[in-house]
Amino acid sequence: MVANSNMIVALDIGTSKVVCLVGEVNVDSTIDIVGIGSHPSKGLKKGVVVNIESTVSSIQRAVEEAELMAGCKIHSVAVGIAGNHISSLNSHGIVAVRDGEVTEFDLERVIDAARAVAIPADQKILHILPQEYEIDSSEGIREPLGMSGVRLEAKVHLVTGSVNAAQNIEKCVRRCGLEVDNVVLEQLASSYSVLTEDEKELGVCMVDIGGGTSDIAIFTGGSIRHTAVIPIAGDQVTNDIAMALRTPMQHAEDIKIKYACALAQLAAPDEMINVPGVGDRPARTLSRQSLAEVVEPRYEELFNMIQAELRRSGFEELVAAGIVLTGGTSKMEGAVELAEEIFHMPVRLASPQGTRGMEDILGNPVYATSMGLLQYACDDQGGESGAQLAEVEVIEQQENMLNKMKTWFQGNF
């Protein structure tokens, strides 16, 4: 076994699935995906751990699959966090510049001043995201290092989360024998893989609709301005289908993936689907349009809640690039059309970009967060600049192992 210092590992612990990705960082800071593992998640509800044993088991299975495919032993990971406990606020700090020129020390001091806000005792700061700096009367400065001035002001976006929720996620990861490099807000991670620089500059609202939560991130002027979490997502849609059609949850999930449509007018009334019964009750046939009439109100409710959050943030008029939808639940037919009807602005469905390898599998909105976690870890830890990346040991294996695993995944996804 040889230690490999240019590997990064992302672990997306979602409500419906756990995904582990192993990426290799190249000299030019591009990332090649060399391993992927995915396993259904049973231990989370609305993004929060509710059963440690089930979560640990799911993480172990996903990590083992990724290790086998990448031919390595993983020791540390970057982990995503979501849930209704996440909150955010914008803050600012002001300091005097020490020697007439902004140094790293001045930047640390101004960020410390900006983070000095009162937050509840059960919350902790997850991210301090600089938006822009001001030196004396010059506004809108992105990189103040080395500039001359007397007074330095920083505007930042603070993201806080429940101490216990973060500890439970870290506890699950450590129970698997892994260390946690970063705990990253999931919508922040997703934005790295699905948003373009132009969209961030122009103003955009990204919505990552997962299994348990819908995560919102609003960018204007190239910086993140607002984040929020809405506790309605794919699980509620599955539950609605199970209740309305009186069918078990697993069959409801299958029906949702194969046949559901978020806009009833797009579903053909003469297209019939087979609905399994509960227990020993016989199966029934139902029109696809009837299914869409169950699904559409839930999507409509979700989009209305997102629109209300967008209005409450004060940025509704500033998102000129419109709405970007991603996440597994956003893939449903009719979701983009319904969103355009409700938001009255451009809406696009985004797939993760920015990495190489296995694009046929990973070019799917389901992997937006895990792909973004890799890119966040690469940026945060300096890529090839010598900063510590994830701890990974490479195991010598047969050359055709990777091809075998790719074939297996293509048959199973």
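Helices are DSSP runs of H or I with at least four residues, numbered from the N terminus. In this predicted model, Glu340 lies in helix α9, an element that spans residues 335-343. Glu340 has a relative accessible area of 35% and is therefore partly exposed, since that class lies between the limits of 20% and 50%.

Glu340 belongs to a negative surface patch, whose other members are Glu300, Glu337 and Glu341. Helix α9 supplies three residues to the patch, the largest share.

Helix α7 covers residues 249-259, and its buried residues are Ala252, Ile255 and Lys256. These residues lie on the same side of α7 because they cover an arc of only 100 degrees around the axis. The other side of α7 carries the exposed residues Gln250, Ile257 and Lys258.

## Salt bridges

Side chains of opposite charge can pair when their charged atoms come close. The count for this model comes to 19 salt bridges. One of them joins Arg298 and Asp240, with an N to O distance of 2.7 Å. This pair links distant parts of the chain: Arg298 is in helix α8 (residues 288-313) and Asp240 is in helix α6 (residues 234-245), 58 residues apart. Asp240 counts as buried because its relative accessibility of 19% falls under the 20% limit.

A further salt bridge connects Glu316 with Arg311, where the closest N and O atoms are 3.1 Å apart. Arg311 is exposed, at a relative accessible area of 52%.

## The network around Arg174

Salt bridges link Glu170, Arg174 and Glu179 in a network. Within the pair formed by Glu179 and Arg174, the closest N and O atoms are 3.6 Å apart. Both residues of this pair have intermediate accessibility: Glu179 is partly exposed at 42%, and Arg174 is partly exposed at 41%.

Val63 is buried, with a relative accessible area of 7%.

## Gly83 in the β8–β9 loop

Gly83 is found in the loop between strands β8 (76-81) and β9 (87-96). With a relative accessibility of 0%, Gly83 counts as buried. Along the chain, Gly83 and Ser162 are 79 residues apart, while 9.2 Å separates their C-alpha atoms.

## Positive phi angles in two loops

Most residues other than glycine have a negative phi. Ser29 has a positive phi, near 70 degrees. The loop that holds Ser29 runs between β3 (17-25) and β4 (31-40), and Ser29 counts as partly exposed at 40% relative accessibility.

Met358 also has a positive phi, near 55 degrees. Met358 is placed in the loop between β21 (355-356) and α10 (359-362). At 7% relative accessibility, Met358 counts as buried, whereas Ser29 is partly exposed.

Definitions and conventions: Residues are numbered from 1 along each chain as its sequence is written. This is a predicted model: local features need pLDDT of at least 70, side-chain atom pairs count only at pLDDT 80 or more; totals for chains, interfaces and linings use all residues. Side-chain values use heavy atoms; hydrogens and water are left out. Patches are made of residues with over 30% relative accessible area and no salt bridge: like charges are joined within 9 Å, nonpolar side chains (Val, Leu, Ile, Met, Phe, Trp, Tyr) within 5 Å. Accessible areas come from the Shrake-Rupley method with a 1.4 Å probe; for residues, only the protein chains shown count as cover. A salt bridge is a side-chain nitrogen of Lys or Arg within 4 Å of a carboxyl oxygen of Asp or Glu. Lys and Arg count as positive and Asp and Glu as negative; His and the chain ends are not counted. The place of a charge is taken as NZ of Lys, CZ of Arg, CG of Asp or CD of Glu. Buried means under 20% relative accessible area, exposed over 50%, partly exposed in between (1.4 Å probe, protein chains only). The arc is that of the directions from the helix axis to the C-beta atoms.
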